[in-house]
Amino acid sequence: MRQSSTPARLLRIGSRGSPLALVQARQVQTALAKACGIVAEQIEIKIIRTSGDKIQDRPLADAGGKGLFTKEIEEALLSGAIDFAVHSSKDIPAVLPAGLTLAAFLPREDPRDALVSSKAKTLGELPRNALVGTSSPRRQALLMRASEMDAAVLGVAGLKRLGLFSAMATALEVEEFLPAAGQGAIAIETRAADESARAHAAAVDDTDTHTALAAERAFLAALGGSCRTPIAGHARLDGDAVRFRGLIAKTDGSDTIEVSRQGRRTDAAALGADAGHEIRARAGDGFFVED
């Protein structure tokens with residue numbers, strides 16, 4: 001962690017008000033305070049209610065999906081009402097609003113998905129014709145490849161941050177259940193022109209996470225798919241090398257297209273983009289579910 005200069009005024013973080021979002025905002029608050037050499041109380045957390053928080057009557061994917069948990073927070077950032085926007089990286093659309101940038105990522109938590117069930121310890125133990133609880137098109141599609149499930153599938157990172165890790169029956173390994181791009185990573189967004197905020201954020205940036213997310217987000221951008229198209233992508237770093245795997249799936253799980261890349265970490269974004277272009281070409285426009 002690099003030392004940042006002490007801010008001249010109170011810093012303001014914008015966050016959703018859910019229990020998980022506030023845990024994540026406090027992690028950023030603590031990290032920034034340490035980097036700036038100030039007490040955490042000098043960094044205010046402002047709760048902002050997003051469109052995703054308001055929609056209760058239909059699946060979020062039907063209401064636009066990506067951006068529903070970030071739009072109002074980004075508007076507050078652009079207006080100058082806050083200095084930092086804190087997001088779950090998987091909730092951030094591939095293309096940011098003009099004038100904003102992802103300035104930093106905290107060290108990534110476990111990116112895997114978790115099976116939460118009182119009836120089974122693994123996917124294979126769940127009965128056929130059982131039910132599953134999840135709002136993610138990606139999770140729905142990947143589960144349908146195995147069968148219908150009697151369980152809930154949630155992110156391991158969220159369970160850990162909320163102190164609910166013991167509720168997990170098992171973690172679904174990345175090789176069998178590819179995570180969403182950005183899963184497990186907390187992102188700090190700032191105004192691109194705000195040099196002070198960017199410097200503070202850079203002081204808490206985790207280089208490995210930033211590199212992995214460069215590949216994953218470039219993959220999303222190249223695909224140009226909507227939130228209703230099940231998309232998964234995950235990058236792993238091994239020294240100077242980055243290994244990326246991505247896929248798209250039909251919403252009913254009947255078909256998937258997968259791709260993998262590996263190369264130097266300095267080429268992470270290019271590798272992710274190339275993987276996305278290949279999948280886009282192989283799938284054709286008819287594979288994607290448009291908003």
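**Close-up views of a predicted model**

**View 1. The whole protein chain.** Of the 291 residues in the protein chain, 51% are buried (under 20% relative accessible area with a 1.4 Å probe, protein chains only; exposed is over 50%, partly exposed in between). This is a predicted model: local features need pLDDT of at least 70, side-chain atom pairs count only at pLDDT 80 or more, and totals for chains, interfaces and linings use all residues. Residues are numbered from 1 along each chain as its sequence is written, and side-chain values use heavy atoms, with hydrogens and water left out. The chain holds eight helices and 12 strands (DSSP runs numbered from the N terminus: H or I of at least four residues for helices, E of at least two for strands). Among contacts with a separation of 6 or more, 70% join residues 24 or more positions apart (contact: heavy atoms within 4.5 Å).

**View 2. The largest nonpolar core.** This core has 22 residues, of which I13, V28, F84 and I188 touch the most other members (core: buried Ala, Val, Leu, Ile, Met, Phe, Trp, Tyr and Cys residues joined through side-chain atoms within 4.5 Å). Two or more residues each come from strand 1 (11-15), helix 1 (19-36), strand 3 (84-88), strand 4, strand 9 (186-191) and helix 6 (195-202). Helix 1 gives the largest share, seven residues.

**View 3. Around F84.** Neighbours within four places in sequence are left aside here. The contacts of F84 then include L11, I13, L32 and L77. I188, A197, H200 and A201 are also among them. A separate core of 20 residues includes F219, L223, V259 and A283.

**View 4. Helix 7 (residues 207-223).** Its 17 residues reach 25 Å from first C-alpha to last, close to the 24 Å expected at 1.5 Å a residue (expected span: 1.5 Å times one less than the number of residues). Helix 7 is mostly covered, with 12 of 17 residues buried. Among the buried ones are T209, L213, E216, R217, F219 and L223. The buried residues pack against strand 4 (100-105), strand 10 (231-238), strand 11 (241-249), strand 12 (256-264) and helix 8 (268-283). G224 follows the helix, with a positive phi near 65 degrees.

**View 5. Two lysines over rings.** The charged end of K250 sits over the ring of F287, 4.6 Å from its centre (rule: NZ of Lys or CZ of Arg within 6 Å of the ring centre and within 35 degrees of the ring normal). K160 lies over the face of F165, 5.4 Å from the ring centre.
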